[in-house]
Amino acid sequence: MPFTEYIKGVNEEYAKPGFVPHHWIKNLTAPWTPFVKKLSDCRVALIGGGGISLKTQERYKLMSVNDLSYREIPGDVKPEDLVIGSAYIRHEDSDKDINNLFPLELLREMADDGYIGDVSPVHYVCGIGRLLEPNLTAYSEEVLPEIIGKLKDAKVDVVLCCGG
Amino acid sequence: MNLAARKAEEEGLCTVVVGSAYDIMECVKPPRAVFTDFPMGHPFGRNNKQQHLSIMKDAFRILEQAQEPGNIVVLPYYWGEPWEWIPGKVVEDHGFKNILSDEGKKIDE
C-alpha cells in the first residue's frame, strides 16, 4: 500500500481503552447504473462532507459523533455563505477556498461552459464525524435514501461525491 | 461519501467519488472513483482553480468511460510538498476524555 493507511492508523488509535473499535464496511462488489446520457445533457449535484453548512444553518459540532443530520445547500449559494465545521480535517486552506472540498462554484462554471447540462437546485452535506452502530445502519438505510430521493425529485442525473 | 455513491447507484443515479483515502475507498468500494493523494479534506487540491477544474474533469471522464464497478483510478497529482497524516492527532487535539464523552461514555477520573 503506497498511500496513507488510514484504517490501520484509526484501528490503532481506537484500540486504546474506552473506545469502541471502529467498524469498517467491507464490500466485495459495487452497484452500477450505466451512464447512457451525454454529460452535457446531465443535471449534476454534489454530495459532500467536511461539516459544511450554510452560515444560516445549525453548524455541525467539530467532533460530531452519531450525527445523522444533513444540510441542504442551494445550487446558487455563494462560497462565502458556507462554513466548514469539522475537527477531523484540517481546513485552514479550505476556509479560503471551499472548492478544495465542495466545488459548487466551479460546477456552475462548467454548466455555463456547456461541459455539463446544468446544476441541481439542491446539494447535500451528510455523514459527518463518527457513526457508531446502530447509527451507521440508520445513516445507510434511512438518511441516504431520503437524500437520494430528494435528488431524484430534483431530476438529478449525476452525483459528484466529494471526499472519500 | 463512498456509501452515498453506492446508495445513489442502487437507486439509478450515476456517481463518481473524488476521494483521498485509498484504503477506505478500497474497503467500501464505490462504483466509480478517482483518488487524489492529498491530505484528507482536500480531494480537489489546495486553493488552485485550474487544478480543481482539472480533477473535476478527470472525474467526469471516468464517469463516462468506466466499464465496470469498483475500480479506483489514481490521478497523477502532487500535493506540492511532503505531508504526513499523524494517527491520533485529532484525539490529541480534542482530548481523549472529550471524545469519550462525545461518544456517550462515562468518564472515570
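View 1. Helices (H or I, at least four residues) and strands (E, at least two) are DSSP runs, numbered from the N terminus. This is a predicted model: local features need pLDDT of at least 70, side-chain atom pairs count only at pLDDT 80 or more, and totals for chains, interfaces and linings use all residues. Residues are numbered from 1 along each chain as its sequence is written, with chains lettered from A and ligands numbered from 1 in the order in which they are written.

**View 2. H1(B) is largely enclosed by the rest of the structure, because eight of its nine residues are buried.** Buried means 20 or more other C-beta atoms (placed from the backbone) within 10 Å of the residue's own. Among the buried residues are Asn2(B), Leu3(B) and Arg6(B). They pack against E1 (43–48), H3 (135–153) and E7 of chain A, plus E1 and H2 of chain B.

**View 3. Chain B meets chain A through 61 residues on each side.** Contact requires C-beta atoms, placed from the backbone, within 7 Å. H1(B) supplies the largest share of chain B's side, nine residues.

**View 4. Strand E7 (158–162) of chain A pairs with E1(B).** The sense is parallel, over five bridges; pairing needs at least two DSSP bridges. Val159(A) stands opposite Thr15(B).

**View 5. Leu160(A) touches residues of both chains.** Its contacts include Val44(A), Leu46(A) and Val16(B), leaving out residues up to four places away in sequence.

Notes:
Contact = placed C-beta atoms within 7 Å. Buried ≥ 20, exposed ≤ 12 C-beta atoms within 10 Å, placed from the backbone.
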